[in-house]
There are 2 protein chains.
Amino acid sequence: MYRSHTCGELRLADTDKNVKLSGWVQKIRNLGGMTFIDLRDRYGITQLVLDVESRKDLSAQARQLGREYVIQVRGNVAERSNKNAKMPTGDVEILVDEIVLLNPSELPPFTIEDETDGGDELRMKYRYLDLRRNPVRRNLELRHKLGFEVRNYLNQQNFIETETPVLIKSTPEGARDFIVPSRMNVGEFYALPQSPQVFKQLLMVAGFDRYFQIVKCFRDEDLRADRQPEFTQIDCEMAFVEQQDVLSTFEGMTKHLFKVIKNVEFDFDFPQMPFDEALKYYGSDKPDIRFDMKFVEMKEMLGDTGFVVFDNAEYVAGICADGCAGYTRKQLDKLTDFVRRPQIGAQGLVYVKYNSDGTFKSSVDKFFDTATLAQWAEKFKAKPGDLLLILAGPQAKTQSALCQLRLEMGERLGYRDKNKFAPLWVVDFPLLEWDEETGRYHAMHHPFTSPKKEDVALLKTDPAKVRANAYDLVINGVEIGGGSIRIHNDELQNKMFKLLGFTEQEAESQFGFLMNAFKYGAPPHGGVALGFDRLTSLFAGIDSIRDVIAFPKNNAGRDVMIDSPSPVAEEQLDELYLKLKNNNK
Amino acid sequence: MYRSHTCGELRLADTDKNVKLSGWVQKIRNLGGMTFIDLRDRYGITQLVLDVESRKDLSAQARQLGREYVIQVRGNVAERSNKNAKMPTGDVEILVDEIVLLNPSELPPFTIEDETDGGDELRMKYRYLDLRRNPVRRNLELRHKLGFEVRNYLNQQNFIETETPVLIKSTPEGARDFIVPSRMNVGEFYALPQSPQVFKQLLMVAGFDRYFQIVKCFRDEDLRADRQPEFTQIDCEMAFVEQQDVLSTFEGMTKHLFKVIKNVEFDFDFPQMPFDEALKYYGSDKPDIRFDMKFVEMKEMLGDTGFVVFDNAEYVAGICADGCAGYTRKQLDKLTDFVRRPQIGAQGLVYVKYNSDGTFKSSVDKFFDTATLAQWAEKFKAKPGDLLLILAGPQAKTQSALCQLRLEMGERLGYRDKNKFAPLWVVDFPLLEWDEETGRYHAMHHPFTSPKKEDVALLKTDPAKVRANAYDLVINGVEIGGGSIRIHNDELQNKMFKLLGFTEQEAESQFGFLMNAFKYGAPPHGGVALGFDRLTSLFAGIDSIRDVIAFPKNNAGRDVMIDSPSPVAEEQLDELYLKLKNNNK
């Protein structure tokens, strides 16, 4: 037996017990003929005391130890004279009788402490050492707990967790598939699932009624900062439901998770905000509603102003930043630089200071008199001391820029507290979006999403106007997931495929089995998929999903720890009847 | 709202409630001006009654309905006159007021009943209809429940469920990998994991202490009857443990599962049988110990007999079949045919009838007198009325054949009751096995398995004799899983790689990151991997794992429902710089 207790377990009540502990040497200090060792495992740290004066054997052993050595010790639990109230085991120490060295350690390439001196790349290369650090390990413990509670909740709600295949079929719709050559079926390929969408719909046809799965999904996309080629979804589907049934169920799950994991209770229904409203007031389909600061559209109020920036703009709107009238010239210049960044792309920034003394000072004083600025302030519901920030330009681009500016101001004003949570449903998404490049409609959600009943007639006359039974769960401006009520009728589904530009043959070869399934009594159904990585990082209060994944890949899709991907043996390719083309690399 | 209740929910206490149900039409009967419909969903069946005489509208609708139509009905719950005690809802019926046809159904290609007329291939092609059948759906519900309880148990035992990557690195050891070409790293490939072995060991180095995961694994093997290219493992690892710690933990888990799911309590420690003993007495490393019928080795007792079949044989052994002395010539001939099948491969079968009247009759009466046969009977602990069955030949082959014969006789004698469970641990496996083909040792378990301390010296002198800290969990003759205490010392691990014929470069390129990790304080650790598919089929009392997988593949690795694998577009291969070689197909 390597241990009788863990390093996080012993308390004052255990005094005088003879115990065995195993763990890693966190720290060694010598003090007045005694050696103190902090012994660490996942559960905590316990202080060991070695009386090296009277025990020469222990002394010799202790001299050999270093940080991250793995040892086993035996000794008696004793009350500490200088207790450490910060540590759960801080009342006791172990008077060590015996040390067994289980494994030595080379000096780690970075310090195994809460704050480390290791850079990103080094930490990823030695991920097994990075995972020893408390904050990183705690993220993974949180992930475990979240998964466990998701399952608890859904199990209670009669959901059946059902595994769907990983080796499936390539479909050109959506993102790029990873493909897997088949040796037994030469010249043919499996694809890794971008989501189990079709399978979960088939499970509804199969009468499973309520399905879920916490499941790996795959997308061969060029990786942006916070994307991973493999990611994890909480994937769910329900039969005989309307939109509100799905929302209620997963609102219930979200509340359950916040309650048991963060002790946060939401005693209200999550707001449901139509997509149009989200864009109008927040410039985004995932508004951060921890704070208000809604967009105020000014075009109508402005009329013809003589100020060409406004007059020529398709869209003029602004926000009111509480108590920021005192911003200096330098601060305002910085904000202007912010909105002009290429990734934000505004041309410039108009400000109006509504000073505490009731006067106005703006960057457009040449064009607008005080009365006009006062009228704006009223429209913005501004108080003395507030600052109006106004952008003008093409609508979509300017809304997006103003959204960024709003978030930036929210951040500066401390409105985006990581311990405050503001969930909402964004609903009534458009069914389709026009793609200029291909000159055809794309499904905004996916081709299985149903149109709203009252909008079906528009499919023929004005497809862009058709709203979908689709919804996103947004918390603190982060899209946690989304879903839709699906089409369950093969005629309507075929109509959709046609609208999306599929030839009959394409639709048949890719989704024929689903269309066929719909002929045998498909129930009405719908569901959601939540990003498990994203949800965990929200709960952990961190921005990157990489920190909640045990072994993530870098932006080039590489695992730098195991050095993958890597070349394979010629014979492996031969067996698959594959040949690498020269890529002039 | 599509329903107020499910089809399995209503009871006598609900009488007079106005309810809404949705589901599938299971059956329609017309009787005395009334139409009776069995409405089915996942939760049960409820009887609907339509008064088609007085309600012409309902009558017209009812005439349009057929099997597997999806409908929604509204009506009042009423007590049934002829109750059906076999159905939980059998006390009530719904007097239908309103029917909404949600989706019609074509005639299914096979009947959706507990016993179906559909053949295997048809059922797989229309798997979504096959899954509607109670026995199939129940298997998947059982699978969900098992997974849920595995997690409950392991969570309680402080295990952290941690996802390991699916896109990893190809290693030629073990079975064949599926590989995944990388587009972002042209000419390089990921591999799908055959198991998360290396990652779970790294998690132990990372101090996770107790890890588990219910995880998909992949093997590109030629598929035997009951193999799938993707399968699911309950994968676990623990730090600071010896073999007995691991066995106790997973014996605990097994007991928990049997208790909560099958209401079976094991009030004993699972027997631990050394590999050598399993082979000696049962001819297999996965003995079915629901019944005794141990092998009796005869070579020593026999000495030189003059019967060349015995005299020339390396190995002679038999079993005693209770009360089978009455077997007819025809029955015995059939047993002889059985052992002579190519996949069993015995040359012939010697029988000795120990008749109820105390006389003997054998197939070797010419060579052995009654006294000798009586001596055998005594050695076999046979009673009058028993039948001795004896095989002779090369040891390994004959043990395996006798094992098959023993299982066959156990089956015939009703000793292999599917509701009786006999678990055991097989322990002390050899570390290595000699492979004639490659002329080198292979790891019997895998290259990370540690040798028994007391056998380490033999690594130099007699590697084949070295026993491993390896163990298998066997229930009813089925290997549910296995594991080992791992090597945690880089020197010993390097020695193992050398012994297994890896060059230093191969070991470095494939496992360098693990060897490197071992330099930074690796704790002693070990674990198990249990076959989740196999475990579920054991609990379900069925032989094939295919029946506990929602969407299995056939023996050619094909999903016949979605028709995968399939050819991919030329452009997909171009992006990957891959070319298909002509395979003359």
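# A guided tour of a predicted two-chain model

Select A:Arg486 to begin: this residue is buried, with a relative accessible area of 2%. The model is a predicted one. The side chains of A:Glu237 and A:Arg486 meet in a salt bridge, with 2.6 Å from N to O. The pair joins distant parts of the chain, since A:Glu237 belongs to strand β10 (residues 230-239) of chain A, while A:Arg486 sits in the loop between β21 (478-485) and α14 (490-499) of chain A, 249 residues apart. A:Glu237 is likewise buried, at a relative accessible area of 0%.

**The whole of chain A**

Taken along the principal axes, the C-alpha atoms of chain A fill a box of roughly 90 × 75 × 55 Å. Chain A has 585 residues, of which 57% count as buried. Among contacts in chain A with a separation of 6 or more, 64% are between residues 24 or more positions apart.

**Charged pairs**

Which residue meets A:Asp533 in a salt bridge? Select A:Arg143: the side chains of the two come to 2.9 Å, N to O. A:Asp533 lies in helix α16 (residues 532-540) of chain A and A:Arg143 in helix α4 of chain A, 390 residues apart. Both A:Asp533 and A:Arg143 are buried.

Move to chain B and select B:Asp130 with B:Arg127. These two form a salt bridge whose closest N and O atoms are 2.9 Å apart. They are about one helical turn from each other, because they stand 3 residues apart in helix α3 (residues 127-130) of chain B. B:Asp130 counts as buried at 0% relative accessibility, and B:Arg127 is buried with a relative accessible area of 1%.

Return to chain A and select A:Asp120, A:Arg123, A:Arg127, A:Asp130, A:Arg133 and A:Arg546, which are linked in a network of salt bridges. Side chains of opposite charge can pair when their charged atoms come close. Over all chains, the whole structure holds 95 salt bridges.

**Where the chains meet**

Show both chains together. The contact draws 126 residues from chain A and 126 residues from chain B. About 11,600 Å² is buried between chain A and chain B, and carbon and sulfur atoms give 59% of this area. On the side of chain A, select A:Glu163, A:Phe240 and A:Tyr520: they lose the most area to chain B, together 7% of what that side buries.

Between the two chains there are 16 salt bridges. One place to look is A:Glu161 and B:Arg151, whose side chains meet in a salt bridge of 3.4 Å, N to O. The count of residue pairs in polar contact between chain A and chain B is 75. Highlight helix α4 (residues 134-156) of chain A, which supplies 9 residues, the largest share of the side of chain A that touches chain B. By class, that side has 66 nonpolar, 26 polar and 34 charged residues.

**A serine with partners in both chains**

Select A:Ser170, in the loop between β6 (160-161) and β7 (179-181) of chain A. Is A:Ser170 buried or exposed? It counts as buried because its relative accessibility is 10%, under the 20% cut-off. Its side chain makes a polar contact of 2.9 Å with the side chain of A:Asp177. A further polar contact, of 3.0 Å, joins the side chains of A:Ser170 and B:Gln572.

**The nonpolar cores**

Select A:Tyr128, found in helix α3 (residues 127-130) of chain A. A:Tyr128 is buried, at a relative accessible area of 1%. A:Phe551 is 423 residues from A:Tyr128 in sequence, yet their C-alpha atoms are 8.8 Å apart in space. Beyond its neighbours within four places in sequence, A:Tyr128 is in contact with residues including A:Met561, B:Leu202, B:Phe513 and B:Tyr520.

The largest nonpolar core has 61 residues, and A:Tyr128, A:Leu131, A:Phe551, B:Leu202 and B:Phe208 touch the most other members. A second, separate core of 60 residues includes A:Val198, A:Val466, B:Leu129 and B:Ile562. In soluble globular proteins, nonpolar side chains tend to be buried together.

**Last stop**

Finish at B:Val52, in the loop between β3 (44-51) and α1 (56-64) of chain B. B:Val52 is buried, with a relative accessible area of 14%. Not counting residues up to four places away in sequence, B:Val52 touches B:Gly33, B:Met34, B:Thr35, B:Ser59 and B:Ala62. Now select B:Ile344 as well: it is 292 residues from B:Val52 along the chain, and their C-alpha atoms are separated by 64 Å.

Methods:
Residues are numbered from 1 along each chain as its sequence is written. Chains are lettered from A and ligands numbered from 1 in the order in which they are written. This is a predicted model: local features need pLDDT of at least 70, side-chain atom pairs count only at pLDDT 80 or more; totals for chains, interfaces and linings use all residues. Side-chain values use heavy atoms; hydrogens and water are left out. A nonpolar core is a set of buried Ala, Val, Leu, Ile, Met, Phe, Trp, Tyr and Cys residues joined through side-chain atoms within 4.5 Å. Buried means under 20% relative accessible area, exposed over 50%, partly exposed in between (1.4 Å probe, protein chains only). Contact means heavy atoms within 4.5 Å. Buried area is the accessible area (1.4 Å probe) that two parts lose on being put together, summed over both. A salt bridge is a side-chain nitrogen of Lys or Arg within 4 Å of a carboxyl oxygen of Asp or Glu. A polar contact is a pair of N or O atoms within 3.5 Å; within protein, one must be able to donate a hydrogen and the other to accept it, and residues adjacent in sequence count only if both atoms are side-chain atoms. Helices (H or I, at least four residues) and strands (E, at least two) are DSSP runs, numbered from the N terminus. Ala, Val, Leu, Ile, Met, Phe, Trp, Tyr, Cys and Pro count as nonpolar, Asp, Glu, Lys and Arg as charged, and the others, Gly among them, as polar.
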